[in-house]
Structures are given as structure tokens and as C-alpha cells.
Amino acid sequence: MNRALVILALAAATPAWAEPDAAALERLVLQDCGSCHGLTLKGGLGPDIRTGALGHHDNDSLARVILDGIPGTPMPPWRPLLSEAEARWIAAYLLERDPG
Ligand code: HEC
């Protein structure tokens, strides 16, 4: 699925008041984040964001990077597309998905 479709699907599936939709967010991480960070998130244009590479982050700092991006780099802000709760879900997912 291309990026616009993923975003549309996510917007349709996730009204602002809803709990984060885990399946849609997992798809977004692997496909959209994966388009820069590699399909297995081990790095591409963007760095490795597997669990083991994120030791310098906690849920707060990761959610900030996801929502605000990293100015001056290709890492985009996701605030227009993701709620705070969704960014925190993704942060927790990244910190737990492949421990060790
Ligand atoms: C357009 C390409 C692009 C997309 C899409 C993208 N990133 Fe990034 N990301 C980057 C780049 C490039 C960097 C490194 C920026 C720098 O030089 O510090 C980065 C950095 C990061 C970092 C900081 C890593 C660290 O070790 O501190 C995190 C976390 C991150 N991205 C998560 C995500 C997540 C989660 C998504 C999807 C919601 C995403 N990125 C989508 C390009 C992208």
C-alpha cells in the first residue's frame, strides 16, 4: 500500500477520540517508517530504530521525535497525522518489539 493510502486508512480507522488502532499503527511503522528506516527498521536513509538501538530513548523522548521530527534532517514531524496517544503507542512498540 502506498503512503497516502496508509494515511487515509489510518485516518478512517482512527477518529481522534478513539484508542490507538494497534494493527493500523503497526502497519504504519513497518511501511511508512520502514520506507526510510528499512523494512526491518534496521536502518536505511534513517538510522536503526530497532529496540536495541534505542537505549538512549524512553517513551517520552521517542514520542517527541515522532511527533516533532528532527528539524534539519529528513526525519519528518508526524504531528499532523498522529495523535499523542498514537505516537506513545508507537514509542512503546519500538521499545518492546525486539528486545535483545
Ligand atoms: C523521510 C524519511 C523518514 C521517515 C518516513 C521516518 N524517518 Fe525517522 N529518521 C529519518 C532520518 C534521516 C533520521 C536521522 C536524523 C538525524 O540525522 O539525526 C531519523 C531519525 C529517527 C529517530 C531517532 C533515532 C535515534 O537514535 O535517536 C527515530 C526514533 C525515528 N526516526 C523514528 C521514526 C518513526 C517511528 C517513523 C514513522 C512514524 C519515522 N522515523 C519515519 C528519516 C525518516
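His37 (NE2) and Met75 (SD) coordinate the iron atom of the ligand at 2.0 to 2.1 Å, where donors are N, O and S atoms within 2.8 Å of the metal (3.2 Å for Na, K and Ca) and water is not among the atoms, so sites may look incomplete. The model is predicted: local features need pLDDT of at least 70, side-chain atom pairs count only at pLDDT 80 or more, and totals for chains, interfaces and linings use all residues. Residues are numbered from 1 along each chain as its sequence is written, and side-chain values use heavy atoms, with hydrogens and water left out.

**Iron site**
- The six donor atoms around the iron atom of the ligand subtend angles of 87 to 179 degrees, so the arrangement is octahedral (opposite donors over 155 degrees apart, all others between 65 and 115).
- The pair links distant parts of the chain, 38 residues apart: histidine 37 is in helix H2 (residues 22-37), and methionine 75 is in the loop between helix H3 (59-68) and helix H4 (84-96).
- Helices are DSSP runs of H or I with at least four residues, numbered from the N terminus.

**Exposure of the two residues**
- Histidine 37 is buried, at 10% relative accessible area (under 20%, with a 1.4 Å probe and protein chains only).
- Methionine 75 is partly exposed, at 21% (between 20% and 50%).

**Largest pocket**
- Among the 27 residues that line the largest pocket, His37, Pro47, Ile49, Val65 and Met75 lie nearest its centre (lining residues have an atom within 4 Å of a point on a 1 Å grid; a pocket is an open set of points where a 1.4 Å probe fits, with protein on both sides within 12 Å along at least five of seven lines).
- H2, H3 and H4 are the elements that give two or more residues to this lining, and H2 gives the most, with five.

Technical notes
Four donors count as tetrahedral if all angles lie between 85 and 135 degrees; four count as square planar and six as octahedral if opposite donors are over 155 degrees apart and all others between 65 and 115; anything else is irregular.
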